[in-house]
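Please look over the sequence and the structure before reading on.

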Amino acid sequence: MTHLLYIIWNPDLVAFHIGNLAIRWYGLCWFVGILLAYFIVKWLYKDQKVKDELFDPLFIYCFLGILIGARLGHCLFYEPGYYLTAWDHFIEMLIPWHHMADGSWKFTGYEGLASHGGTLGLIFALWLYYRRTKMNLWHVLDDIAIATPVTACFIRLGNLMNSEIIGKASNVAWAFIFERVDQLPRHPGQLYEAIAYFLFFFVGWYFYKKHKSWVGTGFFFGLCLTLIFTFRFFIEYTKDIQVDFESGMMFNMGQLLSVPFIIIGLVCLVRGAKKGKAKDIA
């Protein structure tokens, strides 16, 4: 079977330039994903008659929570042996520059972001937002959860453009050859996730239109966690290992980190559905 049957994948990392500034596809996908979630939640707040001044700071909290959490999650979950062994490596964990062998610092952007860390960072940021605004925390979590799959979709598209988080070698007809990695046809795991998260958004939207009164019960928060991390657990079987220490493990790091989110999601989902049905009866 020849390579002509597969999708040859090696896009330019840079989407376009603004002067001397290179805008990478990865960063652009992040921006678009968060921007779309911003507009979705803004619409939800308006639909739910939430005051405009309560929405204004939400974007900053979410953006910083996701970025900081995702960065720390990658460094601490996947590469602690690198980032915690030298002062310059520790600094690299916090800033988007890399310490070169000649002693100089080169801007590289954040070259490692973990979705589990991003989720934890987002939840913590929303807790801070709740403390500031005094809104119902479950209400905030539910609204953000409805929009979250859109952001997750675009983040995975960014991974696809970066040819990272690649799948295992495979001869499926839609296999990608990530030329930046090797010449093997592989599962496009990033694309699988992007498509799934896009569909999950419509699942959440369907339930919102049908059970709008359930916002604030935790149902949508639980639905989002359950769908995303259950899918994440099983899709890991199509992915290649991300770090060497995962080799030989029964479950990789992505799967192990997904389990607590699945459990929390199921608890919130069942609890929220019960409270929602009780509200409907009342």
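## Basis of the report

The model is predicted, so to speak of local features requires pLDDT of at least 70, side-chain atom pairs count only at pLDDT 80 or more, and totals for chains, interfaces and linings use all residues. Residues are numbered from 1 along each chain as its sequence is written, and side-chain values use heavy atoms, with hydrogens and water left out.

## Overall form

The protein contains 10 helices and 7 strands. These elements are DSSP runs numbered from the N terminus (helices: H or I, at least four residues; strands: E, at least two).

The C-alpha trace spans about 65 × 45 × 40 Å along its principal axes.

Helix α3 (residues 58-77) and helix α6 (residues 115-133) have axes that come within 6 Å and cross at roughly 145°. Axes are lines fitted to C-alpha atoms, for helices over the stretch in contact, and angles run from 0 to 180 degrees between N-to-C directions.

Residues making the contact (heavy atoms within 4.5 Å) include L58, Y61 and I66 of α3 and L122, L126 and R132 of α6. By class, 12 residues of this contact are nonpolar, 7 polar and 1 charged. Here Ala, Val, Leu, Ile, Met, Phe, Trp, Tyr, Cys and Pro count as nonpolar, Asp, Glu, Lys and Arg as charged, and the others, Gly among them, as polar.

## Cavities

On a 1 Å grid over the protein atoms alone, a cavity is a set of points where a 1.4 Å probe fits but cannot get out; a pocket is an open set with protein on both sides within 12 Å along at least five of seven lines; lining residues have an atom within 4 Å of a point. Grid points are joined across faces, edges and corners, and a volume is the space filled by probe spheres set on the points. There are 2 cavities of 30 Å³ or more. The largest cavity has a volume of about 620 Å³. Of its 40 lining residues, I66, T119, L122, T148 and T151 are closest to the centre. Helix α7 gives the most to this lining, with 10 residues, and the lining as a whole has 31 nonpolar, 6 polar and 3 charged residues.

The second largest cavity holds about 60 Å³ of space. Its lining includes A145, F200 and L227, and α9 supplies the largest share, 4 residues. By class, this lining has 9 nonpolar, 1 polar and no charged residues.

## A pocket

The second largest pocket has a volume of about 170 Å³. Among its 12 lining residues, K168, E236, I241, M249 and N252 lie nearest the centre. The lining of this pocket divides into 5 nonpolar, 2 polar and 5 charged residues.
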